[in-house]
Amino acid sequence: MDIWFIVSNTIVLACIYGTLAIGISITWSSLGLLNLSYGFIFAFAGYGAWLFAQHVSTWGPAVLAAGILSGALGGVIICAVGFIPIHDKPNFTIRGLIATLAINLIGTQFLLWWFGPRSKNLPEIFGNWSVSLSGAVFTADKVGNVATSVLILAVVLRWMQSSRRGLEIRAMMMNPHAASIVGIGVRRTSFYVMGITGGLAGLAAVLLSQTYYISPFGGLMPMIKGVSIALCGGLGSVRGAVIAAIVLGFNEALTGMSIGGRYVLVTQFVVIIVILLVRPRGIAGLLDKAREA
Amino acid sequence: MNISVSNHLPGTPARQPQREVLNVKGLSAGYGPVRVIHDLDLVVQCGERIGIVGLNGHGKSTLFYAIAGLTGWQRGSIKLNGGEVGRMRSQGPGRYTHEIVRAGLALIPQGDEIFHGLTVEEHLDSGAYTAAAWRDRAARKLRILEIFPPLRKLMDVPVGRLSGGERRMVSIGRGLMTDASLFLVDEPSLGLAPKIGKSVINALMAVELGNAAMIIAEQNVALLEGRVDRVIGMHVGKLKGEASAALALNVYRKA
């Protein structure tokens, strides 16, 4: 029972954090932007889904779609406000970091002012049932979380593998300079990238709201975890981010079970530091078969 | 000689002798405080194959980068197919490159400007940026494979695992995937074994230009000898002297 609890928690956390980390990782490697406004997009998408549930429909899939769409909208807004004006200026990496952090702070204050400090509750998206399988109980939200995030991530990654825009994004992730030489425009591609990663943040926000609540600052902790997982997986590697999400999700579930949930961040950073000491390029350093450029 | 450009109907296959593909006037460019190109003029007609020769560090690559809008700053006029693509103020390098590329430029850069994780096939796809080229990219890939047969076996291999010569073939093949009107080839034989370098040059010479033009920057003049229409020397950021192929050949024989 204990083992099953840890395993199922690991999988659920890995799916949600992996979704966030993949978004951060893609943004970093294709746009060179460490998107610290991810927490704001997360909360923004949560409120988008909440407004939809309040005023339009409480049907689960529709609420989920509303969350994803408002996340994508948030990403596009951030791109227009925080990326387009400064992306070709000197010292963009630091400026982008500060700009997105500022957007995060301003945005979350705005949400606090608009919606108030009381946290909001989303309707249950996946219903209220559970399956018992040889001693292990799978509740609806766990099964739904895992299935939805795996499905949507698979669709996004498949799209990136097979479509033309996906090829553009991957080319930009590998060599932005060469990408402009083959005619890939940074600004147009950045809207795709920010829209998609914003949508992933929205997905994570709705899924996580099945366990927690939606609050203006609710995106902060997921963002910290997403950034650290992306770092641990090797910024820019999708597979590395997935593996790091599993490792750190397992760590979180194990820590929560054994010594208490409030030590999660401590053990998490110990694990990350150890991994980065052994593999400075993160887990991706193990996976990368190509020679260094 | 027929220079009546206005008779040409839009949409029909262009057949205009003596049309200017590239017209550079008073171009200066550089990086930060360093000025690499000094007031340079260059006119390229369609159908021309031009060699630019010069020593290391005299601005051959910078000239190409300036045409593509990739230098730190630049000023002066650059007309590509009659449209102005040069910019006066300093800009973020590469900000407008994709628009220039869409206007008909194919830059085949020196060295490893490749995507090391993409496969050879995806590389060739990424070169087909116009809608028309993307639609019939399969046929275009076959054409590239005819030029570079060694790539046939490597289509699913990530480019990061290829050898230098194979990478150069991929890089040139990527540049040849579109119907660009101006091909800029930067040091195609650099760092390659002489035999491979020669076959790469042969492949470039075999490309049917039609209404396009090609500029090849090269240090090894012997490779271009008698095979390009003009050879232009480049010295400390200026184009020095111009020679037709016949003249260059003549000088070579006397020496």
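Author: Contact means heavy atoms within 4.5 Å. This is a predicted model, in which local features need pLDDT of at least 70, side-chain atom pairs count only at pLDDT 80 or more, and totals for chains, interfaces and linings use all residues. Residues are numbered from 1 along each chain as its sequence is written, chains are lettered from A and ligands numbered from 1 in the order in which they are written, and side-chain values use heavy atoms, with hydrogens and water left out.

Reader: How many residues of chain A are in contact with chain B?

Author: By that rule, 24 residues of chain A are in contact with 34 residues of chain B.

Reader: What is the area buried between chain A and chain B?

Author: Buried area is the accessible area (1.4 Å probe) that two parts lose on being put together, summed over both. For chain A and chain B this comes to about 2,600 Å², and carbon and sulfur atoms give 56% of it.

Reader: Why is the pair of B:Glu122 and A:Arg170 called a salt bridge?

Author: A salt bridge needs a side-chain nitrogen of Lys or Arg within 4 Å of a carboxyl oxygen of Asp or Glu. The closest N and O atoms of B:Glu122 and A:Arg170 are 3.0 Å apart, so the pair meets the rule. Across the interface of chain A and chain B, the rule finds one salt bridge. In general, side chains of opposite charge can pair when their charged atoms come close.

Reader: What makes the pair of A:Thr267 and A:Thr255 a polar contact?

Author: A polar contact is a pair of N or O atoms within 3.5 Å; within protein, one must be able to donate a hydrogen and the other to accept it, and residues adjacent in sequence count only if both atoms are side-chain atoms. The side chains of A:Thr267 and A:Thr255 are at 3.0 Å, so they qualify.

Reader: Which residues does A:Thr267 touch, not counting residues up to four places away in sequence?

Author: A:Thr267 touches A:Asn251, A:Thr255 and A:Ile259, with that exclusion.
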